[in-house]
Amino acid sequence: MRQAEFCRHGYGVAGTAWPYGKDDVDRLVRLRMDLSYDGTEFSGWARQPGRRTVQGELEEALGRVLRLASAPALTVAGRTDAGVHARGQVAHVDLAISSLAVLDSSARRGTSAGGTEEDWEDKGAQWLSALIRRLSGVLPLDVRVKAVCVAPEGFDARFSALSRRYVYRLSDAPGGVDPLRRREVVWHNRPLDVDLLNAASAALLGEHDFAAFCKSREGATTIRELQRLDWARGEDGIIRATVVADAFCHSMVRALVGSVLAVGEGRRPAEWPGHVLAATIRDSGVHVAPAHGLTLEEVRYPAAEELARRAASTRRVRTLNA
């Protein structure tokens, strides 16, 4: 199920009933938020003291719009690195229904907000639409909230995901990258052979220990299932690497891209990335590709009835024998 369809299946859209009554105003509701951002000026997704991050901007904006004493915490599908962009990022946030009452336009005119069960049912979808509009007014232009809905039961933006799809864009044109696309396309100053890129990628597909392509984190597994890694040159001359996996560890996509580029420009044989993978240790010959060429395009989730089961499965520490 694609992300736009997913939100249409949740609450918070026209024609759907608001599932909470008058007595549930302090109950927490989980909202799914679909996001996009230009990562150029951000120090990545995750909040960091003294640094501008996507999470920090969004949480601060939510706290401001909802007039909360402290900013709510967001959970995200993919913690993108500094400079990495997103067109299809997904996050969730848990909020008390009472906190959403400030979004009621009638309350601003001095009337009661959500005084009856009918009010909640009638106005819940309007409140979420208002939330998107108000966030658009306070967020900086390099981050947008595209959709908000009440998530189905069992939904977790991170652990319920089936896969993440990234696209890496680069150009090997002798004259460099179109200046209007310089923030999302990397210039590679050597000619690339797309057939060699695809040949080198084939050995990396499947479930493996990708330790050779990941920055190590204590207690974290580096076992992943790489479902797709293929390259194509578009009519615009831009070479696009499409990379899909159930999950990625830190710097994995850019390290994979960097290893395959060494083959595409003729410096390494097509078998080399597969040998690096099998060694399961970082290879000094693997150069991590620049961040700004990478965009998170899509996060896929299972049907609503499978969300909780998927989250439970993802939380288990994976081994190659399991």
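Ala130 is buried, with a relative accessible area of 5%; buried means under 20%, exposed over 50% and partly exposed in between, using a 1.4 Å probe and protein chains only. The residue belongs to a predicted model, in which local features need pLDDT of at least 70, side-chain atom pairs count only at pLDDT 80 or more, and totals for chains, interfaces and linings use all residues. Residues are numbered from 1 along each chain as its sequence is written, and side-chain values use heavy atoms, with hydrogens and water left out.

**Ala130 and the overall fold**

- Ala130 is found in helix H4, residues 117–138. Helices (H or I, at least four residues) and strands (E, at least two) are DSSP runs, numbered from the N terminus.
- Asp104 lies 26 residues from Ala130 in sequence and 8.1 Å from it in space, C-alpha to C-alpha.
- The protein chain has eight helices and 10 strands.
- Of the 322 residues in the protein chain, 50% are buried.

**Confidence**

- Mean pLDDT for the protein chain is 88, and 85% of its residues reach 70 or more. pLDDT is the predictor's confidence in each residue, from 0 to 100.
- Over residues 1–6, pLDDT stays under 50, and the model has 21 contacts beyond four places in sequence for them.
- Over residues 9–18, pLDDT also stays under 50. Here the model has 23 contacts beyond four places in sequence.
- Where pLDDT is low, the predicted coordinates should not be read in detail.

**Nonpolar core**

- The largest nonpolar core has 84 residues. Such a core is a set of buried Ala, Val, Leu, Ile, Met, Phe, Trp, Tyr and Cys residues joined through side-chain atoms within 4.5 Å.
- Trp45, Phe213 and Trp231 have the most contacts inside this core.
- Helix H6 (residues 252–264) gives the most to this core, with nine residues.
- Beyond four places in sequence, Trp231 touches residues including Leu170, Val194, Leu197, Ile239, Val257, Val260 and Leu261.

**Aromatic pairs and a charge over a ring**

- The whole structure holds five aromatic pairs. Rings of Phe, Tyr and Trp (its six-membered ring) pair if their centres lie within 6.5 Å; planes under 30 degrees apart count as stacked, over 60 as edge-to-face and the rest as tilted.
- Tyr37 and Phe42 form an edge-to-face pair, 6.5 Å centre to centre with 75° between the planes. Tyr37 is buried at 5% relative accessible area, and Phe42 is buried at 3%.
- The pair of Phe210 and Phe213 is tilted, because the planes stand at 55° with the centres 6.5 Å apart. Phe210 is buried at 0% relative accessibility, and Phe213 is buried at 0%.
- Tyr37, Phe42 and Trp45 are linked into a cluster by ring pairs.
- The charged end of Arg268 sits over the ring of Trp272, 4.2 Å from its centre. This term requires NZ of Lys or CZ of Arg within 6 Å of the ring centre and within 35 degrees of the ring normal.

- Tyr166 lies in strand E5 (residues 163–171) and is buried at 7% relative accessibility.
- Beyond four places in sequence, Tyr166 contacts several residues, among them Thr80, Val84, Thr242, Phe248, Leu294 and Glu297.
- Thr242 lies in strand E9 (residues 239–245) and is buried at 12% relative accessibility.
- Thr242 touches Arg165, Tyr166, Val167, Arg228, Leu229 and Asp230, not counting residues up to four places away in sequence.

- In helix H7 (residues 272–279), Trp272, Pro273, Gly274, Val276 and Leu277 are buried.
- The buried residues of H7 pack against helix H5 (194–202), strand E7 (206–209) and H6.
- Thr280 follows H7 and lies in the loop between H7 and strand E10 (294–300). Thr280 has a positive phi of about 55° although it is not a glycine, and is partly exposed at 35% relative accessibility.
- Ser251 lies in the loop between E9 and H6. Phi of Ser251 is positive, near 70°, and Ser251 is buried at 5% relative accessible area.

Key. Contact means heavy atoms within 4.5 Å.
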